[in-house]
Amino acid sequence: MSYTAPVKDMLFAMEHLARIDQVAQIPGFEDAGLETAAAVLEECAKFNEGVVAPLNFEGDKNPSSWADGQVTTSPGFKQAFAQFAEGGWQGLQHPVDCGGQGLPKTIGAACVEMINSANLSFALCPLLTDGAIEALLTAGSDALKATYLEKLVSGQWTGTMNLTEPQAGSDLALVRTKAEPQADGTYKIFGTKIFITYGEHDMAENIVHLVLARVAGAPEGVKGISLFVVPKFMVNADGSLGARNDAHCVSIEHKLGIKASPTAVLQFGDHGGAIGYLVGEENRGLEYMFIMMNAARYGVGLQGIAVAERSYQHAVAYARERVQSRPVDGSIKASAAIIHHPDVRRMLMTMRAYTEACRAMASVAAAAFDAAHHHPDAQVRSDNAAFYEFLVPLVKGYSTEMSQEVTSLGVQVHGGMGFIEETGAAQYYRDSKILTIYEGTTAIQANDLVGRKTARDGGQMARAVAAQIAKTEAELTETGTPAALAVARELAAARAAYLEVVDFVAGQTKAQPNAVYAASVPYLMLAGNLVAGWQMGRALLVAQAKAAAGEEVDFMQAKVITARFYAEHILVKAAGLRSAILHGGESVCALPLEAF
């Protein structure tokens with residue numbers, strides 16, 4: 001159950017697909033080229049392989065526990081988090097002027113994947129803190145930034161996101177937590193929030209809750225929601241901690257997976273009112289919270305890639321050791337390790353190809369984020385922002401659904417032993433399920449892709465992506481090798497299917513909303529499959545050339561084979577999705593409600 005960070009693959013994606021050389025030309029990132037990336041990733045790998053990964057199985061067996069309002073995290077978590085903070089890992093991507101290291105997301109994303117592969121439950125605490133930092137950087141006052149940012153960036157304090165209430169899940173218009181203005185400019189917060197990741201724990205001295213609430217007299221619906229900072233402990237003028245705020249954990253959930261991560265029910269204001277500080281302007285809370293959510297959605301996509309990688313490594317190790325039956329080709333005359341059997345190879349290749357493809361897609365998205373936020377040219381920023389925003393639901397939705405398939409295959413490779421908890425294979429399967437649910441379910445990502453990312457601009461961005469893919473097809477065809485031609489063929493077929501679907505979504509969202517939204521998740525899966533397959537085609541072009549030049553031949557040939565496998569076994573699903581989307585809408589809603 002050990003973990004080895006796939007540093008070489010990460011650097012390949014970073015160098016050849018995300019083009020970190022171009023990122024390093026952006027002002028402020030001049031020292032963040034490939035050499036820096038390699039050094040950071042090597043150190044990150046050492047920490048996660050040696051400190052965090054060994055706690056994963058233990059945390060599943062001995063989850064966080066709650067007693068009398070206090071949460072005790074799993075054995076070893078507190079000590080590991082102290083090392084995480086001391087190493088500066090929380091501040092890796094955050095600005096230097098608030099104590100961070102100011103590295104680009106292109107590098108940071110690989111480090112986020114590593115910590116999530118090492119221990120998904122542990123990694124959730126830094127993930128939520130990153131979101132809180134982003135929200136404060138964007139909308140926080142100078143006073144809030146001065147009070148909270150440096151401590152959050154250092155890992156001395158952690159952050160949470162408080163949206164959900166018992167009656168308000170994804171529909172935030174139903175939020176009822178109240179905020180009462182006080183004479184000193186603060187607010188008193190009253191209400192209950194559920195599903196709060198690391199809402200209470202013992203790993204940091206303070207927890208900074210970002211809470212959605214309604215000020216008295218605010219408009220109904222989402223237009224009347226404001227965002228507040230509500231610290232667990234009040235902060236004195238000199239930065240020291242003061243009295244306990246009226247924000248308390250009344251229980252934690254018992255879950256299918258990510259058991260070591262405490263998921264809290266928080267009660268605000270049972271003893272006179274929790275003190276909160278307005279972030280930005282009243283009634284703009286949802287706008288600010290989406291900053292956190294967008295950061296978190298990309299991060300959850302990385303979690304899907306991470307748990308898939310861990311499951312794949314686990315399955316390969318087992319397949320090399322488990323002896324069962326003779327190979328069907330007669331190459332070995334006695335029972336052999338199951339990795340010799342074609343169907344086991346098919347499962348392992350599926351796991352490998354999915355994971356590499358989604359990693360490549362996420363790496364390209366990270367580079368687009370860096371250009372969108374930091375490039376000196378306004379048009380370049382605008383173009384990359386549009387591209388990144390289009391990719392976020394794909395990274396989140398496709399990568400997390402992918403992780404379900406990969407971790408299920410991981411159990412299957414183990415056979416009956418995969419169903420036994422002691423082997424550890426089942427934990428990845430259980431842990432991965434939440435990824436398709438939190439920070440917006442797959443359907444919510446798909447609705448975003450349909451409404452905001454396709455229908456709103458008439459499909460312009462979606463078609464622009466297809467035009468870029470067509471260029472890669474042409475390059476693959478030009479090389480003329482069997483592998484490149486196979487990928488070009490399937491990429492072209494998938495792109496044609498995708499364009500038909502884009503026309504349908506862009507043209508029929510208003511006229512046939514039920515038909516379009518019934519197909520929203522299949523559309524997301526088609527788009528994600530295509531964009532990930534595109535990156536595999538780009539990877540093949542690089543790897544093929546380098547292998548021909550004698551550079552790291554074994555590694556590069558494996559890249560070529562994996563890209564071809566992706567095209568011939570995964571990208572081919574596009575045609576079926578196209579058919580379901582274009583012709584299957586009526587049957588989704590045809591059955592009378594009383595017949596269910």
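# Exercises on burial and helix packing

His341 is buried at a relative accessible area of 14%, where buried stands for under 20%, exposed for over 50% and partly exposed for what lies in between, with a 1.4 Å probe and protein chains only. The model is predicted, and local features need pLDDT of at least 70, side-chain atom pairs count only at pLDDT 80 or more, and totals for chains, interfaces and linings use all residues. Residues are numbered from 1 along each chain as its sequence is written, and side-chain values use heavy atoms, leaving out hydrogens and water.

**Exercise 1.** Locate His341 and list its contacts beyond its neighbours within four places in sequence.

*Solution.* Step 1: His341 sits in the loop between helix 9 and helix 10, helices being DSSP runs of H or I with at least four residues and strands runs of E with at least two, numbered from the N terminus. Step 2: once the neighbours within four places in sequence are set aside, His341 is in contact (heavy atoms within 4.5 Å) with Gln324, Ser325, Arg326, Pro327 and Ala336.

**Exercise 2.** Describe how helix 17 and helix 18 are arranged, and classify the residues at their contact.

*Solution.* Step 1: the axes of helix 17 (residues 520-548) and helix 18 (residues 553-569) come within 8 Å and cross at roughly 150°; these axes are lines fitted to C-alpha atoms over the stretch in contact, with angles from 0 to 180 degrees between N-to-C directions. Step 2: the two helices are therefore roughly antiparallel, given that under 35 degrees counts as roughly parallel, over 145 as roughly antiparallel, 65 to 115 as roughly perpendicular and the rest as oblique. Step 3: the contact involves residues including Ala532, Met536 and Leu540 of helix 17 and Met556, Val560 and Tyr566 of helix 18. Step 4: by class, this contact of helix 17 with helix 18 has 10 nonpolar, five polar and two charged residues, where Ala, Val, Leu, Ile, Met, Phe, Trp, Tyr, Cys and Pro are nonpolar, Asp, Glu, Lys and Arg charged, and the others, Gly among them, polar.

**Exercise 3.** Determine how helix 13 is oriented against helix 17, and which residues meet there.

*Solution.* Step 1: the axes of helix 13 (residues 442-455) and helix 17 come within 8 Å and cross at roughly 80°, which makes helix 13 roughly perpendicular to helix 17. Step 2: among the residues that meet are Leu449, Val450 and Thr454 in helix 13 and Tyr523 and Leu524 in helix 17. Step 3: this contact of helix 13 with helix 17 has eight nonpolar, five polar and no charged residues.

**Exercise 4.** Compare Asp68 with Tyr198: which is buried and which is exposed?

*Solution.* Step 1: Asp68, in the loop between strand 1 (65-67) and strand 2 (70-72), has a positive phi of about 55° although it is not a glycine. Step 2: Tyr198, in the loop between strand 5 (187-197) and strand 6 (206-215), has a positive phi near 55°. Step 3: Asp68 counts as exposed at 74% relative accessibility, whereas Tyr198 is buried with a relative accessible area of 1%.
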